[in-house]
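Please examine the structure shown below. The briefing that follows treats selected backbone features, a sheet and the contacts between parts of the structure.

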Amino acid sequence: MKNTLEIRWHGRGGQGAKTAALLLADVAFTAGKNVQGFPEYGPERMGAPITAFNRISADPIRVHSNIYEPDFVAVVDETLLVSVDVTDGLSKDGAIIINTPKSAEEIKPLLRGYEGRVITIDARGISEQTLGKNFPNTPMLAAMAAVTGVMEKDDFFREMQASFAHKFAKKPQVIEGNMKALQMAYEVAESA
Amino acid sequence: MRTDATKINEKTPYEDLTEGLMMFAGGTAKEFMTGEWRTDTPIFLKEKCRQCLLCVPTCPDGCIPVMDGKRLAFDYDHCKGCGICYKNCPFGAIEMREGAEAPKE
Amino acid sequence: METPIRQRMSGNEAVSEAIRQVNPDVMPAFPITPSTEIPQMVSTFIANGQVDTEFIPVESEHSAMSAAIGSEAAGARTMTATSSAGLALMWEELLLAASNRLPIALTLVNRTLSGPININCDHSDSMGARDTGWIQIYAENNQEVYDNYIQAFPIAEDKRVHLPIMICQDGFITSHAVENIQLLPDAPVKAFVGDYDPEEYLLNPGKPIAIGPYSISAYAMEAKKAQAVAMENAREVILEVAERFYQMSGRKYGFFESYRMEDAEYCMLLIGSAAGTAKEAVDELREQGFKVGVLKIRVFRPFPEKEIAEALKGCKAVAIMDRVESYNGCCGPLGSEVTAGLFRNKVMIETVCYTYGLAGRDFTTTHVKEIFGALKALVEEGKPIPHNQYIGLRTRS
């Protein structure tokens with residue numbers, strides 16, 4: 001079972017946490033892995049807390065339940081820290097990545113005694129700087145790739161470049177900004 | 001395989017009925033002699049008929065054949081004797097007689 | 001055997017991909033969560049010129065199945081997609097499609113029936129329709145729903161069968177989960193499914209037919225028996241098509257999958273995505289020397305009663321898992337039919353019926369292990385298990 005990397009994403013409806021999970025599944029797939037990326041659907045409303053999950057493994061994945069003891073957690077919106085127990089079941093050998101301009105030290109008191117690594121990343125700031133808009137899931141995806149080491153750095157950037165080239169075929173001008181957002185976030189997470 | 005409706009009846013085993021009881025054939029109602037249901041019989045009085053043809057579309061069973069713009073004798077094999085044609089004829093050219101027997105001719 | 005194409009996609013994408021490859025003639029559909037993506041994706045294929053399917057946007061599922069019946073009767077290979085209340089609104093037409101012997105393929109994304117209103121998975125929709133005369137085939141994951149869909153028309157359109165077919169997958173759990181999949185190239189899939197060439201159909205000039213005639217009591221019962229025989233015939237056809245599919249894909253299918261059942265003393269019998277979770281738990285328990293196995297039902301209609309009894313006869317106890325509440329004060333449909341089948345085939349093992357996963361309630365490897373533990377305690381220590389228990393339910397005690 002623990003050949004499988006398990007990740008849980010917390011976000012709010014409309015912020016792209018599900019998209020981030022699906023993108024991570026996508027890049028891990030292109031790197032040759034077996035993947036699972038799926039959301040948990042509650043009432044579908046903008047702003048409501050939502051959860052999405054990833055399993056990534058060298059072996060075929062058969063389990064079809066949610067993830068209760070993740071290796072890694074990503075929090076796309078720091079306001080969730082108040083209302084959602086984001087570290088619930090999180091492995092202390094793993095890590096939590098939080099979108100916030102604050103430092104890890106400032107955030108830790110909100111994490112209900114979590115003892116593992118805490119990585120903060122200003123995904124909003126990076127997104128606004130590189131894309132001119134708040135699309136936090138792109139930097140969060142890069143941070144998750146960096147922290148989990150789910151694939152080689154070069155492979156990650158090559159696959160994301162290809163993915164953006166496909167996704168933004170009709171507006172190639174946004175590819176560069178997206179790649180820049182990935183790079184900045186990756187570096188922050190790598191050195192955290 | 002086309003269906004021969006004359007070979008199917010209430011004694012036919014289920015294996016020999018058609019799939020979904022579909023009828024793979026056209027015009028099979030012709031084989032079904034609904035004239036047997038008749039208790040009253042319409043009689044066509046040719047001399048009173050003005051060939052207005054009002055009786056033709058009112059017949060629920062299509063038992064009034066038309067040729068060259070003129071109605072012909074009743075199709076007694078299928079006429080159930082409902083009397084609608086009789087009620088609709090403006091010229092009294094159709095009368096109803098008690099009994100199932102069709103006029104000879 | 002064909003070289004597989006390694007891909008990743010959701011269950012809805014997988015079944016849509018199979019639809020693209022099969023290129024059916026007509027698809028009337030009305031959107032409903034969680035199957036909405038299927039008509040969306042097929043519409044995109046049509047807009048892109050990738051298929052020449054005629055899409056009929058209807059105003060309800062009642063109309064969708066009515067249009068499907070008309071279209072199939074006219075001679076066109078026809079399919080639709082729905083979920084939950086959508087299937088319920090088709091009810092009357094489901095029976096007509098079957099009694100008129102029309103090989104329509106319906107891809108069902110299983111979702112609970114209200115109420116309470118909820119969009120998530122259980123099997124109340126398709127299990128409610130289990131006696132409508134449709135063949136029902138269930139999938140564990142995106143791969144199986146893709147493979148099952150490719151086999152759907154060859155089964156349904158076979159002359160020995162001529163019945164509609166429901167290809168089911170678990171709503172959200174597989175329909176919206178992106179997973180790895182091995183696709184087949186277009187050409188062999190098209191050749192496998194072949195052209196639809198019905199012998200008799202409505203739009204056939206010079207060869208008129210009458211379909212769906214009123215049948216008096218002297219005929220209607222005979223028609224129902226013939227329909228039941230067609231369902232029985234589906235058994236051999238399903239296996240023949242599975243064998244042909246194996247030749248093409250290398251993937252084996254039958255009425256059910258027996259996982260580690262050779263020497264299993266305890267078995268969990270279930271349907272759908274939870275089977276993967278059960279297999280994972282079985283592997284863990286096997287490492288501890290616990291002889292457990294999984295029997296995953298793929299074909300629920302026709303019901304493979306004898307084969308299930310044969311597969312279970314070496315077991316000491318079986319947990320029969322229903323993802324639906326039958327409100328009969330006894331157990332779900334799988335529980336009823338499997339236990340009846342065991343009795344008729346004189347396989348007198350312990351059976352325990354469970355209800356799980358209603359309206360999207362999660363089902364985990366922990367649940368599976370608990371159930372196997374309870375079965376063992378029942379057999380070895382005589383510790384009774386309350387019949388028809390709910391799994392994952394909050395209770396006071």
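Arg112(A) counts as exposed because it has 11 C-beta neighbours inside 10 Å; a residue is called exposed if 12 or fewer other C-beta atoms lie within 10 Å of its own, buried if there are 20 or more, and partly exposed in between, with C-beta atoms placed from the backbone. The model is predicted, and local features need pLDDT of at least 70, side-chain atom pairs count only at pLDDT 80 or more, while totals for chains, interfaces and linings use all residues. Residues are numbered from 1 along each chain as its sequence is written, and chains are lettered from A and ligands numbered from 1 in the order in which they are written.

**Backbone features**

- Arg112(A) lies in the loop between α3 (104–107) and β6 of chain A; helices (H or I, at least four residues) and strands (E, at least two) are DSSP runs, numbered from the N terminus.
- The phi angle of Arg112(A) is near 50 degrees, a positive value in a residue other than glycine.
- Ala359(C) also has phi near 50 degrees, a positive value in a residue other than glycine.
- The loop that holds Ala359(C) runs between β14 (350–355) and α13 (365–381) of chain C.
- Ala359(C) counts as partly exposed, because 19 C-beta neighbours lie inside 10 Å.
- A cis peptide bond, with omega near 0 degrees, leads from Thr33(C) to Pro34(C), and Pro34(C) is found in the loop between β2 (26–29) and α2 (37–47) of chain C.
- The peptide bond from Gly115(C) to Pro116(C) is cis as well, with omega near 5 degrees; Pro116(C) is found in the loop between β5 and α6 of chain C.

**A sheet with strands from chains A and C**

- An open sheet of eight strands with mixed pairing has the order β6(A)-β5(A)-β4(A)-β1(A)-β3(A)-β2(A)-β8(C)-β1(C); two strands pair if DSSP finds at least two bridges between them.
- The edge strands, β6 (117–121) of chain A and β1 (5–9) of chain C, each pair on one side only.
- β2(A) and β8 (residues 178–183) of chain C pair in the antiparallel sense over two bridges, and Gly37(A) stands opposite Val178(C).
- Within chain A, β1 (residues 4–12) and β3 (residues 49–57) are antiparallel and share nine bridges, with His10(A) opposite Thr51(A).

**Contact between chains A and C**

- In total, 17 residues of chain A are in contact with 21 residues of chain C; contact requires C-beta atoms, placed from the backbone, to lie within 7 Å.
- On the side of chain A that touches chain C, α1 (17–30) and β2 (34–40) of chain A each give two or more residues, and β2(A) has the largest share, with six residues.

**The two domains of chain C**

- The domain assignment of chain C gives domain 1 (5–249) and domain 2 (256–390); such bounds come from an automatic or database domain assignment.
- The centres of the two domains of chain C, taken over C-alpha atoms, are separated by 28 Å.
- In domain 1 of chain C, 25 residues are in contact with 19 residues of domain 2 of chain C.
- α9(C) gives the most to the side of domain 1 of chain C that touches domain 2 of chain C, with five residues.

Note on methods. Two residues are in contact if their C-beta atoms, placed from the backbone, lie within 7 Å.
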